[in-house]
Amino acid sequence: MKRRNGIGKGMICVLALGVWILAGMMPVASASAQSPGVSVDIFGPGQGQLNLVVLSPRGLDGGTPPDLAAVFEEAVQQNLNFLPFVQMVAVDSLLGGDPSTGVRIEEIDLKPLRLAKVDLVVTMGWEDNNLQARVYDTLNGRRLVGKAYPELDRPKTPLAADAFCAAFMKALTGRNGFFNSDLAYVGKVSEGREIFVVSPQGRERRQLTKLGGINLSPAWDNNGDRIVFTHVGEKSHSLGIVDRATGKTRMRSFPGYTVIGPDFLPNGDMAVTLSIKGRPDIYRLNRAFQVQETLAASHSIDVSPSFDQKGIRMAFVSDRRGNPHIFLKEMLTGQVRRVTHDGKYNTSPCMSPDGRYVAFSRQVEGRHRIFVHDLMTGQERQITFGPGNDEEPAFGPDGYFIAFSSSRSGTYQIYLTTRHADQPKLVPTGSGEATAPAWDTSRIQY
């Protein structure tokens, strides 16, 4: 069950969600009373697209926008380009150019926007370093998002763009998470590997561990406060937990010298593969690193536990049937069933927080590809197609995006796709190898 970096590890996954954008452009929970307008369904197949234009920043009350206006506009454009259901429309492609004289809806001529089939329009109004940002529905002129960001400076401005785009995503889907979450990953440092954190857009990158050696398989707790990982020493493995805020790390070794693919349970306990009895079995540990119970054991290898957000189901890898396959354990009943039947090498399972989906890596014609298995229907879908190897999937907190590591560029990097196999996009993590993404899902509660 060894992999390229020595360990196969499923990461935290997230549920798929549906989104209906109605004429009132209200969140899903309250939109049922509105008349149908523009709609996008990212829960099921055949998702639609929204055409969106970002109008040029304007100074309020006749003033001139500050230099920060260009920083905010560029960050918003970059953020929204990550959304495959949003098609950006250039202002200069509109008939007559910018159709606005200000940032309020009554100052925007909606006719050329409707003629260009633009569904949404973003406006940005500045007064000194104070910003008002809005999104309007061009169908009926209703405001979808309206936010104010006072006293911005250069470091705060991209963060304000993230917050604005998070509000935009919330208004469209009823959930947020993508623009205000973090990815943990393994980055190459000299000849070793350390744990890093970065935003999915590639901002706020920082190194969490400086232990030396090889550190692998990061996974977040449900609060987004701690990351558990495997440290590979010269003679044995050990388990590490690093505090996100302080960077303080605790380490623990176990009999048998093997520590593979740790994950957190919802209550803060940990699940990890140890070889206490001479074979790799999955155990539950409490916060003091004490073994509480065996979660999966056989005469074969059992690794890579991954849980839904409520801890009702655990996916894991076992070769108890001769080849590595994905299995599922119902935590309340103890019932175990086989999930995958195709292929001879299925690894890195990742449960969605609602417990419906498992993303995993399967070897196809000598290359690894990402698949998603629907536990309700039994249907599987291949969502990545290379080139190179695609491995280690991790669902995002919005239940829509999936991060994974891929060698398609020649060096392993982290990419984002969706449950519907949209075109992968690179997560900028700087130079050097980046693998094993793990998404902080604490922003979403199911």
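**Figure 1. Helix H1 and its buried residues.** In helix H1, the buried residues are Leu68, Ala69, Val71, Phe72, Glu73, Ala75, Val76, Asn79 and Leu80. Buried means under 20% relative accessible area, exposed means over 50%, and partly exposed lies in between, with a 1.4 Å probe and protein chains only. This is a predicted model, in which local features need pLDDT of at least 70, side-chain atom pairs count only at pLDDT 80 or more, and totals for chains, interfaces and linings use all residues. Residues are numbered from 1 along each chain as its sequence is written, and side-chain values use heavy atoms, with hydrogens and water left out. Helices (H or I, at least four residues) and strands (E, at least two) are DSSP runs, numbered from the N terminus. H1 has 13 residues and spans 18 Å from its first C-alpha to its last, close to the expected 18 Å. The expected span is 1.5 Å times one less than the number of residues. The cover over the buried residues of H1 includes S1, S3, S4, strand S5 (130-137) and H3. Contact here means heavy atoms within 4.5 Å.

**Figure 2. Strand S1 and its two parallel partners.** Strand S1 covers residues 50-54, and four of its five residues are buried, so the rest of the structure largely encloses it. S1 pairs with strand S3 (residues 86-89) in the parallel sense, over four bridges. Two strands pair if DSSP finds at least two bridges between them. Leu50 stands opposite Val86 in S3. S1 also runs parallel to strand S4 (residues 120-127), joined by three bridges. Leu52 has Leu120 of S4 as its bridge partner.

**Figure 3. The aromatic pair of Phe72 and Tyr149.** The structure holds 13 aromatic pairs. Phe72 and Tyr149 form a tilted pair, 6.5 Å centre to centre with 45° between the planes. Rings of Phe, Tyr and Trp (its six-membered ring) pair if their centres lie within 6.5 Å; planes under 30 degrees apart count as stacked, over 60 as edge-to-face and the rest as tilted. Phe72 lies in helix H1 (residues 68-80) and Tyr149 in strand S6 (residues 143-149), so the pair ties together parts 77 residues apart in sequence. Both Phe72 and Tyr149 are buried.

**Figure 4. The aromatic pair of Phe178 and Trp439.** Phe178 and Trp439 form a tilted pair, with 6.2 Å between centres and 55° between planes. Phe178 sits in the loop between helix H3 (156-173) and strand S7 (183-189), and Trp439 in strand S30 (residues 434-439), so the pair links parts 261 residues apart in sequence. Phe178 is buried at 0% relative accessibility. Trp439 is buried too, with a relative accessible area of 0%. One aromatic cluster is formed by Phe82, Phe85, Phe178, Phe179, Tyr400, Phe401 and Trp439.

**Figure 5. Two arginines over phenylalanine rings.** Arg252 lies over the face of Phe254, 5.4 Å from the ring centre. The charged end of Arg362 sits over the ring of Phe371, 4.6 Å from its centre. A charge sits over a ring if NZ of Lys or CZ of Arg is within 6 Å of the ring centre and within 35 degrees of the ring normal.

**Figure 6. The open sheet S26-S27-S28-S29.** Four strands make up this open sheet, in the order S26-S27-S28-S29, with antiparallel pairing. Its edge strands are S26 (390-395) and S29 (425-426), each of which pairs on one side only. Four bridges pair S26 with strand S27 (residues 401-406) in the antiparallel sense. Ala394 has Ala403 of S27 as its bridge partner. A cis peptide bond joins Gly386 and Pro387, with omega of about 5°. Pro387 lies in the loop between strand S25 (380-382) and S26.

**Figure 7. Ala315 and its surroundings.** Ala315 is found in strand S19 (residues 313-318). Ala315 is buried, at 0% relative accessible area. Not counting residues up to four places away in sequence, Ala315 touches Ser304, Pro305, Ser306, Phe327, Leu328, Pro349, Met351 and Val358. The C-alpha atoms of Ala315 and Ala359 are separated by 9.8 Å, with the two residues 44 apart along the chain.

Figure 8. Ser304 has a phi near 60°, a positive value in a residue other than glycine. Ser304 belongs to strand S18 (residues 302-307), and is buried at 1% relative accessibility. Lys117 has a positive phi of about 60°, although it is not a glycine. Lys117 lies in the loop between helix H2 (110-115) and S4. Lys117 is exposed, with a relative accessible area of 63%.
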